[in-house]
Amino acid sequence: MSLVVYNDLTRTKETFVPIEKGKVRFYVCGPTVYDFFHIGNARPFVLFDIFRRYLESIGYEVFFVQNFTDIDDKMIKRAKELGITVAELGERYIAEYYADADALGIRRATVNPRATHEMQPIIEIVKTLIEKGHAYEVQGDVYFNVASFGEYGKLSKQSLDELLAGARIDVDERKQSPLDFALWKAAKPGEPQWESPWGPGRPGWHIECSAMSTKYLGKTIDIHGGGSDLIFPHHENEIAQSECANEVQFVKYWLHNAYLLIDSEKMSKSLGNFKTVHDIRQKINPIVLRFFLMSAQYRSPLNFSAEGLEQAKAAVSRIHNCWGDLNFALENRTPGEADEALREASKAAFKGFTDSMDDDFNTAGAIGSIFDLVKAVNVHLGEKQAADREGLLEAKECFEKMNGVLGYLPTTEEAESEDAAIDALVAERVEARKAKNFKRSDEIRDELAAKGIVIEDTPQGPRWKKNL
C-alpha cells in the first residue's frame, strides 16, 4: 500500500508523490513566541512530528522547516507588559518552546527560521509583488491586492464575492479592498523596526511564511501543515503571495489538523480554558500528553478532558509494563521453544501499523496495532515460563519501529538513567532482606512507592514496574 494523504486543496485523498524522488520538503507553521505554547498548538506540533518521522521511516529524506514568529502585535504588547524588549521576549519563549517540545518528544526541525532573522528575503518578496502589480504602497504600508489573484479562495473554497459579503467594515480607507492585507507595516513610535524601500517598519504576519518557505524549501514544496484555524486567512494569503511572486504552484499537499476541544468546547482564552503545555507537564507525564494528542485521527476533533487523560495514562502504562516485562523476560527467562502465534502477531501488528499510517497518517489505527502486539506478548509471557527468545526479539523490534514513529516510550537516555537508579535501590533492598535488615528494606520500599514503583517477586527475582 502506498501513502495516501487527504489534500485540503482538492478535498480528496491522493497518493503521495513528492516533487523530487526520495525527498520531501515539509513546512509547518510554528508558534508566535509571546508566551508558553498551549495544547491547541501542541496537537499540530506532535502530529506533524509523527508525520515527519513516518516519512523518514519509509525511506524519505525530509527537510522539515518550522518557523518562529518573533515580531507581532501580540509580542509588542506582551513585551511592554513585562517591561522588556521584544527581542528579549522572543529569546525567552523560544527557549521555553524547546523545553516543552523536547519534553513532548518533538524532534528539532531541520531549520527553525525566525522572522527577525529573515528580513532581507521578506523585503525582496514584497518588492517582487509590487513590481508585478500584486501589491501597492500607501504612506509606508504595503498591501497585497487580493483582486489581482484570480484564484484567491481556492484553499478555503470561498469566492471573492462571498468573502467581501462577510468582511467587516474596514476602518483603513487607504486600502483598495477590505480583503487586502498588510505585507509591510510602517513603523510606529517605540516599536521594533527595520529599514525598507518604503521606510522603516516591520513585516505583516502572512508574508513571513512565504519568504521563509521559499528560502529554505524552494518555490514549490511538497507538504504544508498547520491547524485548521490557519486555512483562512493565513494559508489562503500565503498561497496568494507565493504564487503571485513565484508564478508556480506553492504547495502540492495541504494538511490541517482539526480543533482541540476542552470539555467539548473549542479552546478559547475568552472561555477561560486556555491551558499551556508548560503547566500541564508539571502534573502529567509528557509521554501521556503526547499519546493523548495522537489518539484520534488528525482530521477529527479531539476533546481534552480529565477522563481522556486518564485513559491515555492507562494506555501508556499498559504499553510500558508490557515493554518492561518483555525486556525482563529476555534477560532472565530460560530460552524455550518457538511460539509461532507470537511471531505471526508481530508481523501482523507491524503490517496493521503501516497500513494505518499509509491511510492518511491514521495514528488511532496505528495505536490499535500496538495493543494487538501488547496482547500477544502478554499472552506469551503468561503462558510460558521458558520464553521464545527469537519471538520476543521480533516483538521488541516491532515495538521499537513503531515507537520510532509515534514516540510512546521514554528516550533511551532517560530510561537508562532512571532504570539504573531504581535497579540500585531494588538490589539494595534484596541485600537488606537477606541481612534481615527489614527496617532498611521497608524504607526502600516506601521510597520506591513514593516514586510510583511497584515491586513484584517472580521466580526470576524481583521485578519492578512504574505507575505513570
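Predicted model: local features only at pLDDT ≥ 70, side-chain atom pairs only at ≥ 80, totals over all residues.

**Rings and their labels**

Reader: What makes tyrosine 97 count as buried?

Author: Its relative accessibility is 6%. Buried means under 20%, so tyrosine 97 counts as buried.

Reader: Why is the pair of phenylalanine 68 and tyrosine 97 called edge-to-face?

Author: The ring centres are 5.4 Å apart, and rings pair if their centres lie within 6.5 Å. The planes stand at 80°, and planes over 60 degrees apart count as edge-to-face, so the pair gets that label. The pair links distant parts of the chain: phenylalanine 68 is in the loop between β4 and α2, while tyrosine 97 is in helix α3, 29 residues apart.

Reader: How many aromatic pairs are found in the whole structure?

Author: The search finds 23 aromatic pairs. One of them joins phenylalanine 51 and tyrosine 298, edge-to-face, at 5.1 Å centre to centre with 70° between the planes.

Reader: Why does that pair tie together separate parts of the sequence?

Author: Phenylalanine 51 lies in helix α1 and tyrosine 298 in the loop between α9 and β13, so the pair ties together parts that are 247 residues apart in sequence. Phenylalanine 51 is buried at 0%, and tyrosine 298 is buried at 1%. Both belong to an aromatic cluster that also includes Phe26 and Phe361.

Reader: How do you know that the charge of arginine 108 sits over the ring of tyrosine 98?

Author: The charged end of arginine 108 is 4.0 Å from the ring centre, and the distance cut-off is within 6 Å.

How values were computed. Residues numbered from 1 in each chain as written. Heavy atoms only, no water. Phe/Tyr/Trp six-rings, centres within 6.5 Å; stacked < 30°, edge-to-face > 60°. Helix = DSSP H or I, 4+ residues; strand = E, 2+ residues; numbered from the N terminus. Buried < 20%, exposed > 50% of the residue type's maximum accessible area, 1.4 Å probe, protein only. Lys NZ or Arg CZ within 6 Å of the ring centre and 35° of its normal.
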